[in-house]
Amino acid sequence: MADHQAKAVLFDALAESAKALANGRRAELVDILAQGERSVEELAAEIDQTVANTSQHLQRLLRSGLVESRRDGTRIYYSLASPIVARLWRTMRQAAEHHVADLDRLTQDYVGDRTKLHTMTRDQLRARLRDGDVVVLDVRPEPEYDAGHIRGAISIPIHDLKARLGEIPRGAEVVAYCRGPYCVYADDAVRLLTKKGQAASRLEDGFPEWAASRLPVERGVR
């Protein structure tokens, strides 16, 4: 007969990844790290937490094996341990979208009303890129763009967009994207561009989903 204590220990170990993600701030950190490696200080600013609190969350993720770290001088950088972690996060998100009550309302409370925003699917954007008649705009922070982006996309972080509108060709159709379905940067970009009379759409999700679909990406070209 199997050792029941050994079985309990095994299943506790299998549940460790889920336990590590059972916190909103840690889930948000994984969402950001799905874009690429970031320093503790950058991550703290992104999730609006102190460096000390962010470090504690990262240490929990590190102990679970979900993230890796490296030191460069006085700074510590974190990244996802493997693409499987990003897939785990997407699967958890999809399960919540199907089974968590009121998630649609909670999403709208955060991202706002998207019904008036034009949305483009990955397949539609791929076809438009082949035709060469669209400007793809990455509005994530520059370190995320450098870590990987849709091939041919230009980088204008959302906080710089208003001041850099002149860099976008007038009359061009723009497709903006950011981190994924719960990132508001692309929504804000489309609203600003539309207000200025520019035809603009948001990509249906974000860069991680584009990359996971094995669509064209590149790194560090600006």
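Glu142 counts as partly exposed, at 30% relative accessibility. Here buried means under 20% relative accessible area, exposed over 50%, and partly exposed in between, with a 1.4 Å probe and protein chains only. Glu142 is found in helix α9, residues 142-147. Helices (H or I, at least four residues) and strands (E, at least two) are DSSP runs, numbered from the N terminus. Glu142 and Ala20 lie 122 residues apart in sequence, and their C-alpha atoms are 28 Å apart in space.

The model is predicted: local features need pLDDT of at least 70, side-chain atom pairs count only at pLDDT 80 or more, and totals for chains, interfaces and linings use all residues. Residues are numbered from 1 along each chain as its sequence is written, and side-chain values use heavy atoms, with hydrogens and water left out.

The chain has eleven helices and ten strands. Its C-alpha trace spans about 70 × 45 × 30 Å along the principal axes. Of its 222 residues, 42% count as buried.

Salt bridges come to 25 in number. Each is a side-chain nitrogen of Lys or Arg within 4 Å of a carboxyl oxygen of Asp or Glu. Arg122 pairs with Asp205, with the closest N and O atoms 2.3 Å apart. Arg122 lies in helix α8 (residues 122-131) and Asp205 in strand β9 (residues 200-206), so this pair ties together parts that are 83 residues apart in sequence. Asp205 is buried, with a relative accessible area of 10%. Helix α8 also holds Arg128. The side chain of Arg128 meets that of Glu173 in a salt bridge, 2.8 Å from N to O. Glu173 sits in the loop between β7 (154-155) and β8 (174-178), and the two residues are 45 apart. Arg128 is buried at 19% relative accessible area, whereas Glu173 is partly exposed at 24%. Salt bridges that share partners join Arg38, Glu42, Glu46, Glu144 and Arg179 into one network. Within it, Arg38 and Glu46 meet at 3.5 Å, N to O. Arg38 is buried, with a relative accessible area of 4%.

A cavity is a set of points where a 1.4 Å probe fits but cannot get out; a pocket is an open set with protein on both sides within 12 Å along at least five of seven lines; lining residues have an atom within 4 Å of a point. Grid points are joined across faces, edges and corners, and a volume is the space filled by probe spheres set on the points.

The largest pocket has a volume of about 700 Å³. It is lined by 21 residues, with Glu28, Asp31, Trp89, Tyr110 and Tyr182 closest to its centre. Helices α3 (24-33), α6 and α7 (103-111) each supply at least two lining residues. The second largest pocket holds about 530 Å³. Among its 19 lining residues, Ala34, Pro83, Phe207, Ala211 and Arg219 lie nearest the centre. Here β3 (75-80), α6 and α11 each supply at least two residues.

One cavity of 30 Å³ or more is found in the whole structure. Asp31, Ala34, Ala86, Trp89, Arg90, Arg93, Arg179, Pro208 and Glu209 line the largest cavity. Helix α6 gives the most to this lining, with four residues.
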